Number of protein chains: 2
Amino acid sequence: MKSKTILLALLAVCTFSLKAQQALWGGAPIVSPEVNDDKTVTFRFFAPKADTVLVTGDFLPTEKVKTPFGEADAPINALMKKDEKGVWSYTSDKLASELYSYSFIVDGLKVSDPNNVYMIRDVASITDVFIVGGGKADLYSVNDVPHGTVARRWYNSPGNEMARRLTIYTPPRYEEGKTKYPVLYLLHGMGGDEEAWIALGRTSQILDNLIAQGKAEPMIVVMPNGNVAQQAAPGESPKGLYKPTFQLPHTMDGTYEETFMDVINFVESNYRVKKDKAHRAIAGLSMGGYHSLHISRYYPNTFDYVGLFSAAILPDQKMESKVYNDIDGTLKKQIENGYKLYWIGIGKTDFLYKSSVDFGAKLDSLGMKYTYVESEGGHIWKNWRDYLTEFVPLLFK
Amino acid sequence: MKSKTILLALLAVCTFSLKAQQALWGGAPIVSPEVNDDKTVTFRFFAPKADTVLVTGDFLPTEKVKTPFGEADAPINALMKKDEKGVWSYTSDKLASELYSYSFIVDGLKVSDPNNVYMIRDVASITDVFIVGGGKADLYSVNDVPHGTVARRWYNSPGNEMARRLTIYTPPRYEEGKTKYPVLYLLHGMGGDEEAWIALGRTSQILDNLIAQGKAEPMIVVMPNGNVAQQAAPGESPKGLYKPTFQLPHTMDGTYEETFMDVINFVESNYRVKKDKAHRAIAGLSMGGYHSLHISRYYPNTFDYVGLFSAAILPDQKMESKVYNDIDGTLKKQIENGYKLYWIGIGKTDFLYKSSVDFGAKLDSLGMKYTYVESEGGHIWKNWRDYLTEFVPLLFK
């Protein structure tokens, strides 16, 4: 069989399945989303029989809606317009540079964009994503710069009596030299896992780009799994392909903080790292901010850099764990031991806003220095990517 | 703010977005797919306003359909049944142990299952997947065994004048010891990339499990990108988030074969590997089988183990590349140099069936020994996972 015949036959296999799809989606190849030169974005969706197709997503203007828990911002879904071929389309306003997510709503059903293969999972929801470049989101893109390595690796956690999985970013040229590197431990929020920062947080792209621009020191970034009831992210453990849930047991009861040295010990015995306080940072979002706060206090001479991103702050007063004993005393111990950066970032409309402000007041009363960054917006990944981008250049200088 | 309050508030954020989804999908949490104890599988989909919901997928019985390229097997889509709450459901026949893929078709629109976060991309199509265990697909599951590390890493390819990305599996305890390991180079087909074998092929699960069972030697598996026009998989290169295409230039013109030593050199200078023919294997599916055939001939004293899985076999006679010169002569050179295993696997209904049989006849005429495995089915991932599972235990013994 000649290769042209084979090629035709290979194409036939593919074309057949594409044709099946095209019979569903219409004959013409559809491009969606299309980021236009003027930074508007066009969405297209083939559905000749649908009555209404809306696009929803975080690129849209928002309105206040009432929820049982108070007011919240909800996107004003945009009605798409059908052409004579049955293709619905909508072009957005000019968008700021950002990583956005969206879905279609077809006659009331939320549907992924069949022409976009780029999707990100957040807990049990999957949305399509796109990037508008020409600004800060260029940091979220893969650029023509040296790339670090991203590995998924298992380590033994004696404290949790299980093997556990983590994601680890090693910077460009890590494997080549004999240099020892500093380490940032980067912790996810509730409902997240060791995939959250790398997928939703674009950590490897941000690090590659900041390092290439000379704005960040080359560093290792360790993204462990903060749910001690889990060995690994959904689908990556012997629990199989189950439906992920938001809340898991023992996430905020001191167990993770108390067993965190298992992660540090693993990293420090398996990677070429600088094993001192000056070269260790810990940061996290939401629940991961809570973990970062308490891990850094509980081991008060371990981290010179602490980052609390939209952090949950204080434990339930009824929570009995030695980790949460004597919070003021251990914070004072941190002051005494010294540190270089205690960084707090919070969005003005975050439901945790007040607790961050109150925590700032507590630190003031203790005479504990910190950097406080207030951003627009709420409890969203847009902010956590921003905070990471601001925080990382301050480390290990 | 106390942690219970925070927890409630965190739940509120999540619940709000879940509620929005539930407003779309109905109040009750839906489980789909559900693999039942008797190995039937129940699919559920909330769509109270839909007229017809079908489920399509490779778990269904098939029928012959005519295509412009001849007969092909197509699944007989199953009509789902709506209950009074608007939830459509369908329970399959008892299924053999396998990794299956499926989608819903709602009033003619192909739609992902919103209750299943496990999806795999194949070229530009994304389908939901599930595993029926209790048989061979237990090898495709994450089990309670030691796990290897999976890394995405970039290397320099002087032959292609670019940095390129690959996926690499290192076996459990690779990082701990000083042992040197053998290497399997595992190549994808047309439309694939360095993500294909790890995602669709379940390579890391198969290797972890076969190694734990003592059926395979601990080995490194290198999954490079066989499209020399690409630096990396779609979305992982500076080309951005574009729509993947099936066919790319220069995939079967000798360039990849001629520059393949860049991959080997990288692996052998960056990993603890045994650098001899007895500890190198190369295998690939479809176009990757073509690459394996020609790479092993072109470097005829390099691999003791060659695997051709549903391989595209011979180049276009008009293709001018020194790689494809004197095929019989270079095969004879391989015979002369000696090798341990030349393994050919093909499905009885594969459109490449005849070319594999013809190639077998050619090898017979040259007196070149090979193992020939004929399976049911065609040009599908089910077969390629099977072939990998059969091939790997034969290596490095």
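How many bridges join strand 1 of chain A to strand 2 of chain A, and in which sense do the two strands run? There are 2 bridges, and the strands run antiparallel, with strand 2 covering residues 41-46. One thing to keep in mind as you look around: this is a predicted model.

Let's stay with that pair for a moment. Across from A:Val35 you'll find A:Val41, which sits in strand 2 of chain A. The pair belongs to an open sheet of 4 strands in chain A, ordered 1-2-8-7 and paired antiparallel. At the edges of this sheet are strand 1 (34-35) and strand 7 (81-82) of chain A, each pairing on one side only.

Now for chain B. Here, too, 4 strands make an open sheet with antiparallel pairing, in the order 1-2-8-7. Its edge strands are strand 1 (34-35) and strand 7 (81-82) of chain B.

| Strands | Bridges | Sense |
|---|---|---|
| Strand 1 and strand 2 (residues 41-46) of chain A | 2 bridges | antiparallel |
| Strand 1 and strand 2 (residues 41-46) of chain B | 2 bridges | antiparallel |

In chain B, B:Val35 has B:Val41 of strand 2 as its bridge partner.

On to a pair of helices. Helix 6 (residues 287-298) and helix 7 (residues 327-337) of chain B pack with their axes 8 Å apart, at an angle of about 70°. Helix 6 of chain B is therefore roughly perpendicular to helix 7 of chain B. The crossing of these two chain B helices is left-handed. Helix 6 of chain B brings B:His294, B:Ser296 and B:Arg297 to the contact, while helix 7 of chain B brings B:Ile327, B:Thr330, B:Leu331 and B:Gln334. Sorted by type, the residues of this contact are 2 nonpolar, 4 polar and 1 charged.

Technical notes:
Residues numbered from 1 in each chain as written. Chains lettered and ligands numbered in written order. Predicted model: local features only at pLDDT ≥ 70, side-chain atom pairs only at ≥ 80, totals over all residues. Heavy atoms only, no water. Pairing = 2+ DSSP bridges. Axes fitted to C-alpha atoms, helices over the stretch in contact; angles between N-to-C directions. Parallel < 35°, antiparallel > 145°, perpendicular 65-115°, else oblique. Left-handed = near helix turned anticlockwise from the far one by under 90°. Contact = heavy atoms within 4.5 Å. Nonpolar A, V, L, I, M, F, W, Y, C, P; charged D, E, K, R; others polar.
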